[in-house]
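Grab a pencil and work through these exercises with the structure open beside you. Try each task before you read its solution.

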Amino acid sequence: MAKLRRGMAGRGARFLKDWSLPRQLAGESPMSTAARSTTSENLRPRLEQADRVGTSICPFCAVGCSQLVYAKNGKPIHIEGDPRSPVNQGTLCPKGAGTLGVLLSPQRINKVLYRAPHATEWEERPLDWAMERVAQLTKQARDETFVERLPDGKVVNHTIGIGSLGGATLDNEENYLIKKLFNGGLGMVTIENQARI
Amino acid sequence: MALWDLANSDWVITMGSNMAENHPIAFRFLVEAKRRGATLVHVDPRYTRTGANCDIHAPIRSGSDIAFLGGMIHYILEGDHWFRDFALAYTNIAHIIEDAYADPEQGDGVFSGFDPQQGDYSEESWQYKGKIVPSPIAEHRVQGEQKGAQSESMAEGPPPQDPTLQHPNCVYQIMRRHYARYTPEMVEQVTGCPRETFLSICELVAQNSGRDRTGAFAYAVGWTHHTYGVQIIRAATIVQSLLGNVGRPGGGIMALRGHTSIQGSTDIPTLYNMLPTYLPQPNAFHDHATLDRYIASETPATGWWHNFPKYIVSLLKAWYGENATAANEWGYQHIPKLTGDVSQLPMTLAMSNGVVKGQFFIGQNPVVGAVNTALVEKGLARLEWMVVRDIAMTETANFWQKGNRIQRGEARPEEIGTEVFFFPAALAAEKGGTVTNTSRLVQWHDAVCEPPGSSRSDLWFIYHLGRRLKQLYAGSTAPRDRAIQALTWDYPMMGDKQEPDAEAVLQEINGYTVADRKLVPNYQALKDDGSTACGGWMYSGVFPKEGQNQARSRRPDKPGGPGSHLGWAFAWPSNRRTLYNRASADPEGRPWSERKKMIWWDEGQGKWTGLDVPDFEPEKRPDYRPDWSKNPHGMEALGGADPFIMEPDGQSMLFVPSGLKDGPLPTYYEPLESPVRNPFYRQQANPTAKIWEQPGNELHGIGDPRFPYVLTTFRLTELHCGGVMSRIAPHTAELQPEAFVELPPELARELGIEHLGWTTLSTLRGEVEMRAMVTERLTPFEINGRRVYQIGVPWVYGWEGYARGDVANVLLAITGDANTSIHTTKALTCNLRAGRRAGTRSGPDAG
């Protein structure tokens, strides 16, 4: 019993000693030594668990802030501003600082969804099936609407029966291949993105 | 200019942008400039955190920017405040214009050359006397044809000039007459800005520009989203060229663009009117029938663009490889030709008119972000099929299930026959590639983590779609299918998912010599004989040799270094940070001042040198003058003191002879929807504005009493554009949970609206409801002697994500800028009342 009392008293004393409030009341700075405790001593930054870190660029506006992305087992665990960048010098705005919340948002969709004509609900479909179906529909729409010459004989080799919208959120390489395939390959001219608006 | 160069400015005017809230990290450089002694100005209808951080906030009514900037030009010219040594040498201020030129002062708001039947201008009377001046801007050539074939006159001698500026038709005298009535009194009357405030800004820029001091403008879509958006920017260009704030440290006009690679998607364009890096898309109604004709008509006789043939032939080699030969015009006929404007607004109308069968939406959400979204939804319902690629459910993808028309009982899902595919997309950290920021900085991002589930990069999607299509067309013998068969489409793939290698694509954009596939070091190495291939000449140098991806370079300058950070990523062209930086030195090649030095002529080395990559031929002496007896072409026709090398005579154009559809000088017009008549001219609105009349897209008349309030739209720090990207991020959505309208207390009292109470806004296009944010950030204006209320709404909400609200763009009409067809969102009229909306979406008296 006495041993137990001693144990409790010991824990109590240790707690009082560890608790920062008495130390602050005694005059220690809450910004330095009095902020320390056993708990704080044992805290570790989560980026220490990362098995990979890479440089990214913020996906929102066109300022082009650099980010450091920390990942573990292929999943992001932490994102912060890259202090080396002369654009943002380690800072991020509220949107950029929320990038991890975008990557990990429960509202992200990870499956291909399909809505049949006149259907009232979505259904899941395999990626491969959807890719083949879209390729077939693209070919069919192109073949039905392709114009080689105008009535006066001018060569146009184009279709306005298929359009594409979007690009300002994509990479340069992606935009390049979209323009190359749709315009240079299929003859689509109605290709636009957010830069217009 | 580089974003960080704004810290070197002695003044910055933010106008048409709420920079502190929408580009907060870039705004740090203004805060730094202020710390170093700069004066900051915000010109905006609303008092925001940008205004709060500036020294001066000048309120103006939405859309009145050209009156304000025209007033600045008037102040600079009449007070003789312009930087004479700079502007006389580097601008066309002394150039003499054709005798037939007539100003809007004579034409009551219309320039000479207007055809009222066609609603467009002929540029003949705007030319330099006796010359035909080509335009350097390919994207403006959809209606107006390039004058390359006729521009030989530019190689025969310099344009006529009067350095004494006395000639009545020199640009200086034309501008003085043109802006004579843009007085401080008129500025106050038109914009609502107190004249004392306006004058204090004029004094600020006049006193802090010149050899030793520079300043900058910063703008965003508050300038572009008007029928005269290009002309607003032009007006700022005139101010900056007159004051010598171009091509110099801390000087310039900073476009604050909206999306991560909106600059890249303009350069490497998923846009209808350009091929990569500003080559014009061939047009059936221009002299483009053959490659020879296309090159002849698109190649100006003088200036840098004389190199055009090298760029187009190298592009064709990149796209069609071995199938591009001299015998088949390097595959030129595979490139489809335009027959008119098929930009986003006509595309929307084409969908609603049933012209389009299939449509891809790749990371864009027009049911929130486009104007007149009820009409957009009608168009989607007429498609046979559509593909949406995004990271979460968008309003565009499920318009058939939850759209405005469904919500309001106007349509049922069973009636909509559109077949819809939703493909989940990967985000930046989940794929490798480059994006280009607003100051042309091409930056690589790494693939650090895996895209979840069936999510794939857009590179994967387009590459594998292309592979399938090539297979489907493999057996065809039809001539129309030769393009897809000829297209080079073979990039290495990586991993189980067969992700294409983005670096291989970037290398193709950079360019290579065909014989050995060796990467070209720069665009100077490109040829027009088929020996080089290049997907985007302006990006050449981003991957100058194997293993050297410059977009990945991460070596910033040390503190105290030159501050151009040439080791950080790659800025096109040539890793240059400030365009036209030859203007940072005087005509003799010396810096205008020690404080504002950037590049200079080193006589000892016989070349240009300095803190940035010189934007000039490296060994062209400042005293070089063209030998006109030899009929010089290309760069030989530009002197050693002609800094603006993309222009046909190397001079900054205060007055633009070619390339603009709505006049050679910015002129004040009212927005298409306005509460007042144009106080300057009988011509009310831009006579060349893009207007599409059709049911559901009606406009309000001048001063229509049913729609008395000026409405502007804006976005928020926490929520980004129409995308769901920020509305699905929990903490940003929580910070801005719901749609609202900002209105001044005076109007709230008049209408019986309480702060946080429900309101309904309406136009002839539709009706939306939002909570009221009653705030003194907005104040009533006195315009032309009457009180005008201005209100504003964020347009970033929809029915998906955590933060929701009515789609504000339901209220807007489809109308466009005369030059760019950009939609107009910043100045329209509307009605506002207390209470919630009814179930129907038609406006009052709309039938």
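**Exercise 1: a sheet in chain B**

Find how strand E6 (residues 215-219) of chain B pairs with E7(B), then work out the sheet around them.

Step 1. Four bridges join E6(B) to E7(B), and the two strands run parallel. Strands here are DSSP runs of at least two residues, helices (H or I) are runs of at least four, and both are numbered from the N terminus. Two strands pair if DSSP finds at least two bridges between them. Before going on, note that this is a predicted model: local features need pLDDT of at least 70, side-chain atom pairs count only at pLDDT 80 or more, and totals for chains, interfaces and linings use all residues. Residues are numbered from 1 along each chain as its sequence is written, while chains are lettered from A and ligands numbered from 1 in the order in which they are written.

Step 2. Pick out one bridge: Ala218(B) has Met254(B) in E7(B) as its partner.

**Exercise 2: two helices in chain B**

How do the axes of helix H15 (residues 344-352) of chain B and helix H17 (residues 373-382) of chain B cross?

Step 1. The axes come within 7 Å and cross at roughly 55°. Axes are lines fitted to C-alpha atoms, for helices over the stretch in contact, and angles run from 0 to 180 degrees between N-to-C directions.

Step 2. H15(B) and H17(B) are therefore oblique to each other: under 35 degrees counts as roughly parallel, over 145 as roughly antiparallel, 65 to 115 as roughly perpendicular, and the rest as oblique.

Step 3. List who meets whom: Thr348(B), Met351(B) and Ser352(B) in H15(B) touch residues of H17(B), including Leu375(B), Val376(B) and Arg382(B). Contact means that C-beta atoms, placed from the backbone, lie within 7 Å.

**Exercise 3: a hairpin in chain A**

Describe how strand E2 (residues 66-72) of chain A meets strand E3 (residues 75-81) of chain A.

Step 1. Six bridges join E2(A) and E3(A), which run antiparallel.

Step 2. Look across the pair: Tyr70(A) is opposite His78(A) in E3(A).

Step 3. Finish at the turn: E2(A) and E3(A) form a hairpin with two residues between them, and Asn73(A) in the turn has a positive phi of about 50°.

Notes: Two residues are in contact if their C-beta atoms, placed from the backbone, lie within 7 Å.
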